[in-house]
Amino acid sequence: MKKIFITLCIAFASVCSYAQSGDSKIGVYGIMGTENSNFGIGAKVQYGITDAIRAEASYDYFLKKDNVTNMNAGINLHYLIPISESFRVYPIVGISYVYWKFDYEGALGSDYSKSFEETMLSQGVTQSDLDMLKQYAPDEYNELKAEYESAYEDLEESSSESKIGFNVGAGLEYDLSKSLSIFAEGRYQIVSDFDQTVIAAGLSFKF
(Lines give C-alpha, C1' and ligand atoms only; values in the text may rest on other atoms or scores of the structure.)
Protein backbone atom coordinates (compact mmCIF):
# COMPACT_ATOMS: atom_id res chain seq x y z
CA MET A 1 0.00 0.00 0.00
CA LYS A 2 2.75 2.44 0.99
CA LYS A 3 4.72 1.87 -2.24
CA ILE A 4 1.71 2.61 -4.44
CA PHE A 5 0.79 5.72 -2.43
CA ILE A 6 4.39 7.00 -2.69
CA THR A 7 4.28 6.38 -6.45
CA LEU A 8 1.09 8.46 -6.71
CA CYS A 9 2.75 11.28 -4.76
CA ILE A 10 5.78 11.20 -7.05
CA ALA A 11 3.49 11.36 -10.08
CA PHE A 12 1.72 14.40 -8.60
CA ALA A 13 5.06 16.12 -7.90
CA SER A 14 6.20 15.42 -11.46
CA VAL A 15 3.10 17.07 -12.89
CA CYS A 16 3.58 20.11 -10.65
CA SER A 17 7.25 20.45 -11.62
CA TYR A 18 6.19 21.58 -15.09
CA ALA A 19 4.04 24.41 -13.78
CA GLN A 20 5.33 27.93 -14.31
CA SER A 21 2.92 29.56 -11.89
CA GLY A 22 -0.38 28.90 -10.18
CA ASP A 23 -2.34 28.78 -6.97
CA SER A 24 -1.58 26.18 -4.32
CA LYS A 25 -4.38 24.98 -2.05
CA ILE A 26 -5.02 22.52 0.72
CA GLY A 27 -8.49 21.23 1.44
CA VAL A 28 -10.42 19.22 4.02
CA TYR A 29 -13.83 17.68 3.44
CA GLY A 30 -16.43 15.16 4.40
CA ILE A 31 -17.29 12.26 2.10
CA MET A 32 -20.03 9.73 1.48
CA GLY A 33 -19.56 6.51 -0.51
CA THR A 34 -22.43 4.81 -2.30
CA GLU A 35 -20.99 1.28 -2.37
CA ASN A 36 -19.88 1.12 1.23
CA SER A 37 -22.80 3.38 2.31
CA ASN A 38 -20.50 5.08 4.73
CA PHE A 39 -19.18 8.48 5.76
CA GLY A 40 -15.58 9.59 6.04
CA ILE A 41 -13.12 12.44 5.92
CA GLY A 42 -10.56 13.52 3.38
CA ALA A 43 -7.72 15.89 2.62
CA LYS A 44 -6.26 17.21 -0.62
CA VAL A 45 -3.43 19.31 -2.03
CA GLN A 46 -3.94 21.23 -5.27
CA TYR A 47 -1.64 23.07 -7.67
CA GLY A 48 -2.66 25.27 -10.58
CA ILE A 49 -0.65 24.18 -13.61
CA THR A 50 -2.28 26.90 -15.71
CA ASP A 51 -5.20 29.23 -15.11
CA ALA A 52 -7.53 26.49 -16.35
CA ILE A 53 -5.82 23.21 -15.41
CA ARG A 54 -5.30 22.13 -11.80
CA ALA A 55 -3.57 19.02 -10.44
CA GLU A 56 -4.71 17.41 -7.20
CA ALA A 57 -3.57 14.70 -4.80
CA SER A 58 -6.25 13.47 -2.39
CA TYR A 59 -6.66 10.96 0.41
CA ASP A 60 -10.01 9.64 1.70
CA TYR A 61 -10.61 7.64 4.87
CA PHE A 62 -14.00 6.05 5.48
CA LEU A 63 -15.09 5.30 9.03
CA LYS A 64 -15.05 1.60 9.87
CA LYS A 65 -18.41 0.00 9.20
CA ASP A 66 -19.53 -3.64 9.28
CA ASN A 67 -15.91 -4.53 10.14
CA VAL A 68 -14.64 -3.07 6.86
CA THR A 69 -12.04 -0.30 6.64
CA ASN A 70 -11.82 1.56 3.32
CA MET A 71 -9.24 4.15 2.15
CA ASN A 72 -8.67 5.86 -1.20
CA ALA A 73 -5.76 7.84 -2.61
CA GLY A 74 -6.05 9.67 -5.91
CA ILE A 75 -4.31 11.88 -8.44
CA ASN A 76 -6.74 14.04 -10.43
CA LEU A 77 -6.82 16.83 -12.97
CA HIS A 78 -9.47 19.58 -12.94
CA TYR A 79 -10.38 21.80 -15.87
CA LEU A 80 -11.68 25.03 -14.33
CA ILE A 81 -14.59 26.72 -16.09
CA PRO A 82 -15.36 30.17 -14.61
CA ILE A 83 -19.02 31.07 -14.24
CA SER A 84 -18.27 34.33 -12.46
CA GLU A 85 -15.28 35.90 -10.73
CA SER A 86 -15.91 33.86 -7.59
CA PHE A 87 -17.69 30.77 -8.91
CA ARG A 88 -16.39 27.99 -11.15
CA VAL A 89 -17.23 24.43 -12.16
CA TYR A 90 -14.82 21.70 -13.23
CA PRO A 91 -14.80 18.21 -14.71
CA ILE A 92 -12.53 15.68 -12.99
CA VAL A 93 -10.38 12.87 -14.43
CA GLY A 94 -7.70 10.88 -12.68
CA ILE A 95 -6.50 7.63 -11.18
CA SER A 96 -7.47 6.11 -7.86
CA TYR A 97 -5.85 3.64 -5.48
CA VAL A 98 -8.48 1.85 -3.38
CA TYR A 99 -7.66 -0.19 -0.28
CA TRP A 100 -10.01 -2.05 2.01
CA LYS A 101 -9.59 -4.48 4.91
CA PHE A 102 -12.08 -6.88 6.51
CA ASP A 103 -11.72 -7.61 10.23
CA TYR A 104 -12.73 -11.24 10.84
CA GLU A 105 -12.13 -11.03 14.58
CA GLY A 106 -14.44 -8.04 14.82
CA ALA A 107 -17.08 -9.79 12.72
CA LEU A 108 -16.99 -12.98 14.77
CA GLY A 109 -16.76 -11.16 18.08
CA SER A 110 -15.51 -12.89 21.18
CA ASP A 111 -16.32 -16.29 19.66
CA TYR A 112 -13.23 -15.89 17.48
CA SER A 113 -10.90 -16.84 20.36
CA LYS A 114 -13.24 -19.15 22.31
CA SER A 115 -12.87 -22.88 22.53
CA PHE A 116 -15.58 -25.18 21.18
CA GLU A 117 -17.13 -25.78 24.60
CA GLU A 118 -16.99 -22.08 25.56
CA THR A 119 -18.86 -21.20 22.40
CA MET A 120 -21.50 -23.88 22.96
CA LEU A 121 -22.04 -22.68 26.54
CA SER A 122 -22.38 -19.08 25.35
CA GLN A 123 -25.09 -20.22 22.89
CA GLY A 124 -27.21 -21.70 25.70
CA VAL A 125 -26.02 -25.32 25.72
CA THR A 126 -25.51 -26.52 29.30
CA GLN A 127 -22.42 -28.24 30.61
CA SER A 128 -24.47 -31.33 31.45
CA ASP A 129 -25.65 -31.51 27.82
CA LEU A 130 -22.03 -31.40 26.64
CA ASP A 131 -20.99 -34.04 29.15
CA MET A 132 -23.81 -36.33 28.02
CA LEU A 133 -22.89 -35.79 24.37
CA LYS A 134 -19.26 -36.68 25.09
CA GLN A 135 -20.28 -39.76 27.08
CA TYR A 136 -23.06 -41.23 24.93
CA ALA A 137 -22.22 -39.85 21.46
CA PRO A 138 -18.46 -39.28 21.42
CA ASP A 139 -18.17 -39.59 17.64
CA GLU A 140 -20.77 -36.88 17.05
CA TYR A 141 -19.15 -34.66 19.69
CA ASN A 142 -15.69 -35.03 18.15
CA GLU A 143 -17.09 -34.38 14.68
CA LEU A 144 -18.78 -31.15 15.80
CA LYS A 145 -15.63 -30.03 17.62
CA ALA A 146 -13.44 -30.78 14.58
CA GLU A 147 -15.75 -28.83 12.25
CA TYR A 148 -15.71 -25.86 14.65
CA GLU A 149 -11.93 -25.83 15.01
CA SER A 150 -11.41 -26.26 11.27
CA ALA A 151 -13.66 -23.29 10.50
CA TYR A 152 -11.71 -21.00 12.82
CA GLU A 153 -8.13 -22.16 12.33
CA ASP A 154 -8.17 -21.25 8.63
CA LEU A 155 -9.23 -17.67 9.37
CA GLU A 156 -6.74 -14.87 9.69
CA GLU A 157 -7.50 -11.92 11.94
CA SER A 158 -8.12 -9.81 8.84
CA SER A 159 -7.76 -9.79 5.07
CA SER A 160 -7.11 -6.86 2.78
CA GLU A 161 -7.09 -6.00 -0.90
CA SER A 162 -6.08 -3.03 -3.00
CA LYS A 163 -6.74 -2.05 -6.61
CA ILE A 164 -6.00 0.74 -9.07
CA GLY A 165 -8.88 2.38 -10.92
CA PHE A 166 -9.98 5.60 -12.58
CA ASN A 167 -11.87 8.67 -11.42
CA VAL A 168 -14.35 10.68 -13.46
CA GLY A 169 -16.63 13.35 -12.10
CA ALA A 170 -17.40 17.03 -11.70
CA GLY A 171 -17.32 19.69 -9.02
CA LEU A 172 -18.10 23.28 -8.22
CA GLU A 173 -16.21 25.84 -6.16
CA TYR A 174 -17.10 29.21 -4.68
CA ASP A 175 -14.65 31.74 -3.22
CA LEU A 176 -15.69 33.06 0.17
CA SER A 177 -12.60 35.27 0.27
CA LYS A 178 -9.22 35.57 -1.46
CA SER A 179 -7.88 32.62 0.51
CA LEU A 180 -10.94 30.55 1.47
CA SER A 181 -13.30 28.58 -0.79
CA ILE A 182 -16.06 26.04 -0.39
CA PHE A 183 -16.53 23.18 -2.82
CA ALA A 184 -18.66 20.15 -3.57
CA GLU A 185 -17.93 17.39 -6.03
CA GLY A 186 -18.87 13.91 -7.13
CA ARG A 187 -16.33 11.34 -8.28
CA TYR A 188 -17.21 8.02 -9.84
CA GLN A 189 -14.51 5.47 -9.08
CA ILE A 190 -14.14 2.83 -11.79
CA VAL A 191 -12.53 -0.03 -9.86
CA SER A 192 -12.97 -3.73 -10.59
CA ASP A 193 -15.58 -5.21 -8.20
CA PHE A 194 -15.78 -1.95 -6.25
CA ASP A 195 -17.22 0.80 -8.45
CA GLN A 196 -18.77 3.54 -6.40
CA THR A 197 -19.64 7.23 -6.38
CA VAL A 198 -17.94 9.38 -3.77
CA ILE A 199 -19.66 12.64 -2.82
CA ALA A 200 -17.45 15.25 -1.12
CA ALA A 201 -17.99 18.74 0.30
CA GLY A 202 -15.59 20.93 2.25
CA LEU A 203 -13.26 23.90 2.46
CA SER A 204 -10.03 24.74 0.65
CA PHE A 205 -7.38 27.26 1.67
CA LYS A 206 -5.02 29.07 -0.68
CA PHE A 207 -1.41 29.38 0.43
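**Salt bridges at a glance**

D193 and K163 form a salt bridge, with their closest N and O atoms 3.1 Å apart. D193 sits in the loop between β8 (180-190) and β9 (196-206) while K163 belongs to strand β7, so this pair ties together parts that are 30 residues apart in sequence. Please keep in mind that this is a predicted model. Across the whole structure, a search finds 12 salt bridges, and a few of them are walked through here.

**The D193–K163 pair**
- D193 is exposed, as its relative accessible area is 70%.
- K163, in contrast, is buried, with a relative accessible area of 18%.

**R88 and its partner E173**
- R88 forms a salt bridge with E173, and their closest N and O atoms lie 2.7 Å apart.
- This pair links distant parts of the chain, with R88 in strand β6 (residues 87-103) and E173 in strand β7 (residues 158-175), 85 residues apart.
- Both R88 and E173 are buried.

**R88 and its partner D175**
- R88 also forms a salt bridge with D175, where the closest N and O atoms are 2.5 Å apart.
- Because R88 lies in strand β6 and D175 in strand β7, the pair ties together parts that are 87 residues apart in sequence.
- R88 has a relative accessible area of 13%, so it counts as buried.
- D175 is buried too, at 18% relative accessibility.

**How the pairs connect**

How values were computed:
Residues are numbered from 1 along each chain as its sequence is written. This is a predicted model: local features need pLDDT of at least 70, side-chain atom pairs count only at pLDDT 80 or more; totals for chains, interfaces and linings use all residues. Side-chain values use heavy atoms; hydrogens and water are left out. A salt bridge is a side-chain nitrogen of Lys or Arg within 4 Å of a carboxyl oxygen of Asp or Glu. Helices (H or I, at least four residues) and strands (E, at least two) are DSSP runs, numbered from the N terminus. Buried means under 20% relative accessible area, exposed over 50%, partly exposed in between (1.4 Å probe, protein chains only).
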